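Please work through the exercises below with the sequence and the structure open beside you. Each task is followed by a solution that goes step by step.

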Amino acid sequence: MGVERTFVMVKPDGVARGLVGEVISRFEKKGLRIIALKMLRMSREQAEELYSVHRGKPFYNSLVDFVTSGPVVVMILEGESAIDVVRIMIGPTDGRKAPPGTIRGDFALSIQENIVHASDSPESYKREHVIFFPDVE
Ligand code: CMP
């Protein structure tokens, strides 16, 4: 593994609920380094690219509507095994099933409005981060 980077997004529900600081704080305390960070309202095109693997699924249109419904905070984090470490810290997709101690387990009760998104593989990281940070390798 070694040191790697991952793409993380605080979704519109996380921003609206005032959880940006809480989420970033958890990653910082874990020892992950913030390489890039910004708040933005994403376009439909950006949302469709971010979630291209889910195109055609029953929840796809609703998901695109949701992530474009308000501002999000996107970031690149770096650290040892960052992709797996962040996935463990955010917990399973469904907030109702995510264990306490994970971000979704502590703050989400929904499968769609689940506070955060994070890359699930190095390939996903490569595809996802350039949508928002085209200048970062
Ligand atoms: P995320 O980890 O960002 O990846 C895809 C997103 O689709 C997921 O989090 C949820 O926000 C959303 N989603 C909505 N319904 C479902 C579902 N039934 N299964 C998986 N993801 C879903």
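**Exercise 1. Determine whether Glu49 is buried, partly exposed or exposed, and describe its salt bridge.**

Step 1. Glu49 has a relative accessibility of 34% and therefore counts as partly exposed, where buried means under 20% relative accessible area, exposed means over 50%, and partly exposed lies in between (1.4 Å probe, protein chains only).

Step 2. The side chain of Glu49 meets that of Arg127 in a salt bridge at 3.7 Å, N to O, the criterion being a side-chain nitrogen of Lys or Arg within 4 Å of a carboxyl oxygen of Asp or Glu.

Step 3. Because Glu49 belongs to helix α3 and Arg127 to helix α7 (residues 122–132), the pair ties together parts that are 78 residues apart in sequence; helices here are DSSP runs (H or I, at least four residues) and strands likewise (E, at least two), numbered from the N terminus. Arg127 is also partly exposed, with a relative accessible area of 23%.

A note on the source: this is a predicted model, in which local features need pLDDT of at least 70 and side-chain atom pairs count only at pLDDT 80 or more, while totals for chains, interfaces and linings use all residues. Residues are numbered from 1 along each chain as its sequence is written, and side-chain values use heavy atoms, with hydrogens and water left out.

**Exercise 2. Find which helices are joined by the salt bridge between Arg44 and Asp65.**

Step 1. In this salt bridge, the closest N and O atoms of Arg44 and Asp65 are 3.0 Å apart.

Step 2. Arg44 lies in helix α3 and Asp65 in helix α4, so the pair ties together parts that are 21 residues apart in sequence.

Step 3. Arg44, at 37% relative accessibility, counts as partly exposed, and Asp65 is partly exposed with a relative accessible area of 42%.

**Exercise 3. Identify the buried residues of helix α4 and explain how they are arranged around its axis.**

Step 1. In helix α4 (residues 60–67), the buried residues are Tyr60, Leu63, Val64, Phe66 and Val67.

Step 2. Viewed down the axis of α4, these buried residues fall within an arc of 160°, so they line one face of the helix; the arc is that of the directions from the helix axis to the C-beta atoms.

Step 3. The buried residues of α4 pack against β1 (3–10), α1 (12–16), α3 (44–50) and β3 (72–80), with contact meaning heavy atoms within 4.5 Å.
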